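Subject: Structure handover

Hello,

Here is the structure you asked about. My notes follow below it.

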Amino acid sequence: MPFLYKTQGNSQLFYNLASSPYPSPSNRLSSRRNICWTMSCTSQTSFPTLRTVTISYSDLKDRNVDLSMKIEEGFGPNGLGILSVTDVPGFSSLRQNLLHLSPRLASLPEEKKKDLEDPNSRYNYGWSHGKEMLESGKPDLFKGSFYANPVLDVPTTDAYLMHRYPHFCGSNIWPVNSLPELEVAFKALGKLILDVGLMVAYHCDKYATKGMKINENEGLEQILLRSRCHKGRLLYYFPIQSTSNCIQDDGSAFSWCGWHTDNGSLTGLTCAIFKREGVEIPCPDSAAGLYIKTRTDQIVKVVFGEDEIAYQIGETAEILSRGYLCATPHCVRAPKGEDSSGVDRSTFALFMQPDWDEKLNFPEKMHIHEELMLANRSLTFGEYSEKLLDKYYNLKS
């Protein structure tokens, strides 16, 4: 059984991880899984900080390189469900181009932003602010989002599908007059993250085939390659004007994004940009950022470089791989303290997900959404997403 360790001063503390409900695809791989944890130097958090497993772009694009060890460290049953890709050509400038447009979008006149809203898609296209609910039940006014499909402006013209799956089958809404640069920058970054993500998916398939049979057209790479459902989300977190709301160590209080798992297959993430009065600054609070809950319910902060693309495993990748790839709950903690007053944050996520009519065959055992009792059943991704909407929002009686 593998051990994880962290360092604190000159001592090393060892954690014995509970065994996963899923078998490891290779004893050879399992015997070498060691991940180093380091304690954050800040006194504001007692949680360890973990650097993501990294893969170089040159290795990733070589389909003959065996990256199974890296994939298992990041995405396997004892991983954190995340890894990052380094040295991606052109990524740094495309990230800067898009994220610097985020505050400009958020500062558009309200009537302009109203024109970018799409209530029919439950605000899953265009601009959204105050439409989502926090865990407290109050509207989320801390952040604004802009959603678009970076590949297809019009995924389908089928009226039935547009009515049934408006959050997948709607059309992009671009601010062509008020901020025309947004469309070009959004599509450029989104397509790059998608292209690199497809390479990640290929190596995920190679890893999973060590323990299960995958038919040629049923692997994660092919499923994502033919999907029309990919969705980008440009996020803008408004400046914090008061630091009276503090985050508790369990992450249950004031948070920019509450605990959740993504229901897609892979989520591509950029490192955030922080600004005060329009000037880029480092994150003002080392305790802020992405937190992940392990399969043994340990909470760790996870960091990756600003020039890296991080990828997180979503629920459908776990379902399709029979648990060889594992999704983990995660949240985003906001900065606190006097230095955080007046600071805003911009970031981008690309949700790579199956097509709405892609069949999902559920395994006998699931640790996510067990109450849905979907074992031995086949649903489309669209139907699965509807069930989750029903679960979380009680949209149907």
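First, a term: a salt bridge here is a side-chain nitrogen of Lys or Arg within 4 Å of a carboxyl oxygen of Asp or Glu. This is a predicted model, so local features need pLDDT of at least 70 and side-chain atom pairs count only at pLDDT 80 or more, while totals for chains, interfaces and linings use all residues. Residues are numbered from 1 along each chain as its sequence is written, and side-chain values use heavy atoms, with hydrogens and water left out.

**Overall**

The chain has twelve helices and 20 strands. These are DSSP runs numbered from the N terminus: helices are H or I with at least four residues, strands are E with at least two. Of the 397 residues, 54% are buried. Buried means under 20% relative accessible area, exposed means over 50%, and partly exposed is in between (1.4 Å probe, protein chains only). Take the contacts with a separation of 6 or more: 74% of them join residues 24 or more positions apart. A contact means heavy atoms within 4.5 Å.

Helix 3 (residues 68-75) is largely enclosed by the rest of the structure, because seven of its eight residues are buried. Two glutamates, Glu72 and Glu73, are among those buried residues.

**Salt bridges**

Side chains of opposite charge can pair when their charged atoms come close. The whole structure holds eleven salt bridges.

Aspartate 153 pairs with lysine 187, with 2.8 Å between the closest N and O atoms. The two are 34 residues apart: aspartate 153 sits in the loop between strand 8 (143-148) and helix 7 (159-164), lysine 187 in helix 9. Aspartate 153 is partly exposed at 30% relative accessible area. Lysine 187 is buried at 16%.

Glutamate 358 and arginine 226 form another salt bridge, at 2.9 Å from N to O. Glutamate 358 is in the loop between strand 18 (343-352) and strand 19, and arginine 226 is in the loop between helix 10 and strand 9 (231-237), so this pair ties together parts 132 residues apart in sequence. Glutamate 358 is buried, with a relative accessible area of 11%. Arginine 226 is partly exposed, at 38%.

Then there is aspartate 357 with arginine 228, where the closest N and O atoms are 3.8 Å apart. Aspartate 357 is in the loop between strand 18 and strand 19, arginine 228 in the loop between helix 10 and strand 9, and 129 residues separate them. Both are partly exposed: aspartate 357 at 45%, arginine 228 at 26%.

Salt bridges with shared partners also join Asp153, Glu183 and Lys187 into one network.

Aspartate 355 is in the loop between strand 18 and strand 19. What does it touch, leaving aside neighbours within four places in sequence? Its contacts are Arg226, Ser227, Arg228, Cys229 and Phe381. Aspartate 355 is buried, at 2% relative accessibility.

Glycine 382 lies in helix 12 (residues 381-393). Its relative accessible area is 0%, so glycine 382 counts as buried. Leaving aside neighbours within four places, glycine 382 contacts Tyr165, Phe168 and Trp356.

**Aromatic pairs**

Rings of Phe, Tyr and Trp (its six-membered ring) pair if their centres lie within 6.5 Å; planes under 30 degrees apart are stacked, over 60 edge-to-face, and the rest tilted. That gives nine aromatic pairs. One is phenylalanine 146 with phenylalanine 186: edge-to-face, 5.9 Å centre to centre, 80° between the planes. Phenylalanine 146 lies in strand 8 and phenylalanine 186 in helix 9, so the pair ties together parts 40 residues apart in sequence. Ring pairs link Phe146, Trp174, Phe186 and Phe348 into a cluster.

Regards
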